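Biologist: I have a model open and want a quick tour. Can we go through it piece by piece?

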Amino acid sequence: DTRDPTSLRTPIVAVLGHVDHGKTSLLDKIRGSAVIEGEAGAITQHIGATAVPLDIISTIAGDLVDPDDFDLPGLLFIDTPGHHSFTTLRSRGGALADIAILVVDVNDGFQPQTLEALDILKRSQTPFIVAANKIDTVPGWNAHEDTPINDTYESQSDRVRQRLDESLYEIIGNLSDEGFSADLYWRVQNFQRNVGVVPVSAMTGEGVPDLLTVMMGLSQRYMKEEMEIDVAGPGVGTVLEVKEEKGFGTTIDTVLYDGTIRADDQIVVGGLNEPIVTDVRALLQPRPLAEIRTESRFEKVDEVSAASGIKVAAPELADAMAGAPVRVVRDRDLDQVIDEVQAE
Ligand code: GTP
Ligand code: MG
């Protein structure tokens with residue numbers, strides 16, 4: 001086999017923001033739009049994440065995205081909880097993502113967890129855009145389901161537009177107070193220097209085409225090189241959550257961002273006191289919705305490649321920690337892999 005073993009992986013997108021500002025709803029909307037397009041099967045539910053392939057993104061985005069302009073396979077979205085007790089998880093979520101969406105309720109504006117998320121993005125130098133969500137709640141709003149923002153904005157009354165503008169400029173002002181130069185996304189020329197603000201509604205789908213377009217454009221333009229991975233190489237990932245699972249004991253929900261993990265691999269995981277060396281017992285994926293009533297919520301798979309969310313069952317995982325690194329040993333020197341995990 002002489003094929004080039006490197007390929008472009010899916011960029012990992014963390015969705016961050018204050019509690020109830022609409023992170024989960026936004027992902028639900030993206031999934032739901034795909035269902036309406038009759039392409040539900042193409043969206044795969046990963047552990048802690050949702051993979052949306054390029055052709056679905058281009059269907060949802062309509063004229064805004066031409067799939068021929070892109071060669072990244074799609075986007076992998078990681079949902080994070082907004083509650084303050086999840087700060088540490090979110091700080092990890094921010095760090096492991098290639099790019100992020102900071103969700104801000106247009107009426108509620110900046111809140112404590114918005115600032116916390118911003119701080120995490122600043123520290124981890126993760127490029128991000130702001131989704132100014134719930135535009136449908138602006139008093140007098142006249143909804144146009146699933147349309148690009150420009151179309152729906154133009155058909156609002158002057159008063160409604162003025163109200164939305166005020167809320168958006170307040171968000172832009174708040175970003176500026178935190179040291180980010182921001183503007184409405186259609187005015188941003190350089191997304192590395194300026195933060196783009198995209199008005200959206202997770203309820204009506206307005207602006208969602210724009211959001212997906214900006215995310216694809218950003219990933220394509222600024223991150224293509226980082227997306228070039230050796231897919232067949234030993235897997236590298238981060239623990240999202242440590243969970244007990246009936247029949248499997250302690251498991252780690254892992255985001256794999258490089259290489260492949262196999263059901264017979266030896267792995268090293270960052271632990272409370274020292275790196276944990278263990279053998280994978282099972283790799284578990286959520287079952288498709290249609291099979292939800294079957295006995296197990298999970299399905300065993302032989303291997304998974306980056307980028308994906310996967311539940312790893314293995315002995316000795318009790319001391320594993322959210323945010324810790326996970327590395328596959330495969331044919332490498334075990335001590336070297338332990339050193340790598342310790343260094344992270
Ligand atoms: P946590 O996970 O608890 O941090 O919240 P979240 O950010 O995931 O918010 P979630 O998606 O659960 O939404 C919170 C509430 O806001 C729900 O009642 C949603 O139906 C509502 N909501 C979310 N987005 C919109 C929107 O665009 N418009 C309107 N009208 N309601 C919305
Ligand atoms: Mg949520």
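Biologist: Which strands form the open sheet, and in what order?

Modeller: This is a predicted model, so treat everything here as computed. The open sheet has 8 strands, in the order S15-S14-S20-S11-S12-S19-S16-S17. The pairing is antiparallel.

Biologist: Which strands stand at the edges?

Modeller: Strand S15, residues 276-279, and strand S17, residues 298-301. Each has a single partner strand, so one side of each is left without a neighbour in the sheet.

Biologist: How many degrees are neighbouring strands turned against each other?

Modeller: On average 40 degrees, ignoring direction.

Biologist: Let's go pair by pair. How many bridges join S14 and S20?

Modeller: There are 3 bridges, in the antiparallel sense. S14 covers residues 266-269 and S20 covers residues 325-328.

Biologist: Which helix lies across S14, S15 and S20?

Modeller: That is H8, residues 334-343. H8 runs at about 160 degrees to S20.

Biologist: What sits in the loop between S20 and H8?

Modeller: Arg330 is found there. Its phi is positive, about 50 degrees, although Arg330 is not a glycine. Most residues other than glycine have a negative phi, and most peptide bonds are trans.

Biologist: How exposed is Arg330?

Modeller: Partly exposed, with 17 other C-beta atoms within 10 Å.

Biologist: Is Gln125 buried or exposed?

Modeller: Exposed, because Gln125 has 8 C-beta neighbours inside 10 Å. The cut-off for exposed is 12 or fewer. Ser124 lies in H4, residues 112-124. Ser124 is partly exposed, with 17 other C-beta atoms within 10 Å.

Biologist: Where is the cis peptide bond?

Modeller: From Ala306 to Ala307, with omega near -10 degrees. Ala307 is in the loop between strand S18, 303-305, and S19.

Biologist: Switching to helix packing. How do H2 and H7 cross?

Modeller: Their axes come within 8 Å and cross at roughly 140 degrees. That makes H2 oblique to H7. The crossing is left-handed.

Biologist: Which residues make the contact?

Modeller: From H2, they are Ile57, Ile60 and Ala61. From H7, they are Val208, Pro209, Leu212, Thr213 and Met216.

Biologist: What about H7? How far does that helix reach?

Modeller: H7, residues 208-223, has 16 residues and reaches 22 Å from its first C-alpha to its last. That is close to the 22 Å expected at 1.5 Å a residue. Buried residues in H7 include Val208, Leu211, Leu212, Met215 and Leu218.

Biologist: One more spot. Why does Ala182 count as buried?

Modeller: Because Ala182 has 21 C-beta neighbours inside 10 Å, and the cut-off for buried is 20 or more. Ala182 lies in strand S8, residues 182-184.

Biologist: What is Ala182 in contact with?

Modeller: Leaving aside neighbours within four places in sequence, the contacts are Val130, Ile172, Leu175, Ser176, Asn194, Val195 and Val197.

Biologist: And the whole chain? How many helices and strands?

Modeller: The protein chain has 8 helices and 20 strands. Of its 344 residues, 44% count as buried. Among contacts between residues at least 6 apart in sequence, 72% join residues at least 24 apart.

Terms used. Residues are numbered from 1 along each chain as its sequence is written. Chains are lettered from A and ligands numbered from 1 in the order in which they are written. This is a predicted model: local features need pLDDT of at least 70, side-chain atom pairs count only at pLDDT 80 or more; totals for chains, interfaces and linings use all residues. Two strands pair if DSSP finds at least two bridges between them. Helices (H or I, at least four residues) and strands (E, at least two) are DSSP runs, numbered from the N terminus. Axes are lines fitted to C-alpha atoms, for helices over the stretch in contact, and angles run from 0 to 180 degrees between N-to-C directions. Two residues are in contact if their C-beta atoms, placed from the backbone, lie within 7 Å. The expected span of a helix is 1.5 Å times one less than its number of residues. Angles under 35 degrees count as roughly parallel, over 145 as roughly antiparallel, 65 to 115 as roughly perpendicular and the rest as oblique. A crossing is left-handed if the near helix is turned anticlockwise from the far one by less than a right angle, and right-handed if clockwise.
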